Amino acid sequence: MYLEYLKEYNVSEEEIKDIINTYDNELLKNLNFSKKNVKEIIKYLLEFGVEDIYNVIKNRIDLFFLPLSLVKQNFTKLDKNMLVYLLNNSIDDLINYNI
Amino acid sequence: MPNGKDALIDYLKICLEKEKNSSKDLKSIKKINNLLDVINDKRYIVDFKLIEELIRKYETSDIDSILYDIMLNVNRYNNYLMNKNVKYADPILDKDIEFEEFDVDSVDISDILKSLEINELDKDLEYDLKKYIRNEDNKKKLVDFASRLKTNDDGEVSQERVVYDRLGDKNNLISILMYSDINLVRAVINKLNDIGVSVLKVLNNLPSIFIAVSDGKAKYGVPANYDKFMGNIATLESYGVDIKTIINSCPNYLINDVNKNKEDLKKLDNMGIKVKNILENVVKIFSINPQVIINNIEVLNKYGIELTDDDNNYGYRILGMQYLDKKIEYLISNNIWTQDNNKMLDNIDLLYGLLIKLSYMNWKNNLELKKSKNDGIVDNVPFEEEQIELGENEDVSRVPKRV
């Protein structure tokens, strides 16, 4: 079942349903197909300081289709503290920094 | 739930858990996952026999009452689809997901897994592989394909070897071996070579681009995006878009539906907007929610802000902001952005600079914003008129030093 593994990262059942209702089923099937890559990115985000994985998936699912190396590269564009702040408080602003 | 869908999904998930905790029967797990796929794909449920079989297997009491409730939800769900005018079951596609009975335990895949150095597979895939290789021709094809991924006809390491060696999830390798072939893999790698991008930029994050729908091998439920990948690249080339930029910033755009992508780009064209500028700056948001960009173009028009054809215009990035109109209103209502102030011009670069500064000020003041808002707006933020030192290139996308 799609996205059940997100529960390992404190994403609730309701939040999973919300993600499923937000995005096209084909996109989610593809996300599921690269599950290992997705998990690596989630782990990296959590170590980086992201508090709410659901929020990032809900608003910026595109990040989870990048290879981990590119995610890391993108995250060097900004001061780490500011980036953590944006990821946790104002994810809408990330695009302005080409992230 | 009025349409029965969520109740059905919840029930099937409970059945799956029960199965995983008890006999772990591959066939049962596969049947349940198939049904969940059908519901997620918004297709009609027609296998009532399977539903009853599940209930009778997993419930110990009150079976008739549970059967009644579940069948009611099945009917609600099917009615819901009918009201949405969903086309009735496609007999050809449905044959693909027809559950074919065979003796799962009699098929041995251990030699194949050992030859590929795979210890374990997802249960669904294990079932699919067993079903696939019980046909001796299929087994031979799979083994040959694996061999050709490793070495070419001259016995040398092939360029396709990278797929074999560097695919991190071996479940994906099995899917590719079952549903793809050496020509498809070669075509993808050659295309990437032409573009100047390493296959490692897509291998583990978009493994589905090695599987096609067009050659009829892909199975229902398995993502198959070779055709979309190639089709979207062709579309982008026609607009003069740098494909390398797209792959490095937002590869998932290339597996969106080709016709939908074309329609969205046509809308931009019709608005007189340079597609290349949009895609090379905000493809990340355009790929998942193109309406945000289209709405924001209209927002900017409202304020008389021009989108220039300048290829290096960072200002295009603000088109990807979901709350752009709210932020503009905030800047105006707090007299930060005003038509009368002779420092303020009606151009996108300046607005971009102000929005960068707004996010910087929020951070500088270490403001705890509500996560559910995500819009980065807090009332009464002291937006100071201070000199902010920019980087050497005066690139406003770099974070200014704290002053």
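Residues are numbered from 1 along each chain as its sequence is written, while chains are lettered from A and ligands numbered from 1 in the order in which they are written. Because the model is predicted, local features need pLDDT of at least 70 and side-chain atom pairs count only at pLDDT 80 or more, whereas totals for chains, interfaces and linings use all residues.

Student: How many helices does chain A have?
Tutor: Helices (H or I, at least four residues) and strands (E, at least two) are DSSP runs, numbered from the N terminus. Read from the N terminus on, the elements of chain A run α-α-α-α-α-α. With 0 strands, the number of helices in chain A is 6.

Student: What is the radius of gyration of chain A, and what does the globule rule give for 99 residues?
Tutor: The radius of gyration is taken over C-alpha atoms, and the globule rule is 2.2 Å times the number of residues to the power 0.38. The C-alpha atoms of chain A fill a box of roughly 35 × 25 × 25 Å along the principal axes. Chain A is as compact as a globular protein of that length, because its radius of gyration is close to the value from the rule, with 13 Å in the model and 13 Å from the rule.

Student: Which helix gives the most residues to the side of chain B that touches chain A?
Tutor: Two residues are in contact if their C-beta atoms, placed from the backbone, lie within 7 Å, and the contact between the chains takes 48 residues from chain B and 34 residues from chain A. The elements that give two or more residues to the chain B side are helix H1 (5-21), helix H2 (26-40), helix H15 (275-288) and helix H18 (348-364) of chain B. With 6 residues, the element that gives the most to this side is H18(B).

Student: Is Ser208(B) buried or exposed?
Tutor: Ser208(B) is found in the loop between helix H11 (182-195) and helix H12 (226-238) of chain B, and, leaving aside neighbours within four places in sequence, the contacts of Ser208(B) include Asn30(A) and Phe33(A) as well as Pro223(B) and Ile255(B). A residue is buried if 20 or more other C-beta atoms, placed from the backbone, lie within 10 Å of its own, exposed if 12 or fewer, and partly exposed in between. Since Ser208(B) has 27 C-beta neighbours inside 10 Å, this residue counts as buried.

Student: Why is H15(B) described as oblique to H16(B)?
Tutor: Axes are lines fitted to C-alpha atoms, for helices over the stretch in contact, and angles run from 0 to 180 degrees between N-to-C directions. Angles under 35 degrees count as roughly parallel, over 145 as roughly antiparallel, 65 to 115 as roughly perpendicular and the rest as oblique. The axes of H15(B) and helix H16 (residues 290-302) of chain B come within 8 Å and cross at roughly 125°. That angle makes the relation of H15(B) to H16(B) oblique.

Student: How many charged residues are in the contact of H2(B) with H7(B)?
Tutor: The axes of H2(B) and helix H7 (residues 123-133) of chain B come within 9 Å and cross at roughly 105°, and these helices are therefore roughly perpendicular to each other. In this contact Leu26(B), Lys27(B), Ile29(B), Lys30(B) and Asn33(B) in H2(B) meet Lys123(B), Asp124(B), Glu126(B) and Tyr127(B) in H7(B). Ala, Val, Leu, Ile, Met, Phe, Trp, Tyr, Cys and Pro count as nonpolar, Asp, Glu, Lys and Arg as charged, and the others, Gly among them, as polar. The contact has 3 nonpolar and 1 polar residues, and its number of charged residues is 5.

Student: Is Asp62(B) buried or exposed?
Tutor: Asp62(B) has its place in the loop between helix H3 (48-58) and helix H4 (63-83) of chain B, and its phi is near 60°, a positive value in a residue other than glycine. With 10 C-beta neighbours inside 10 Å, Asp62(B) counts as exposed.
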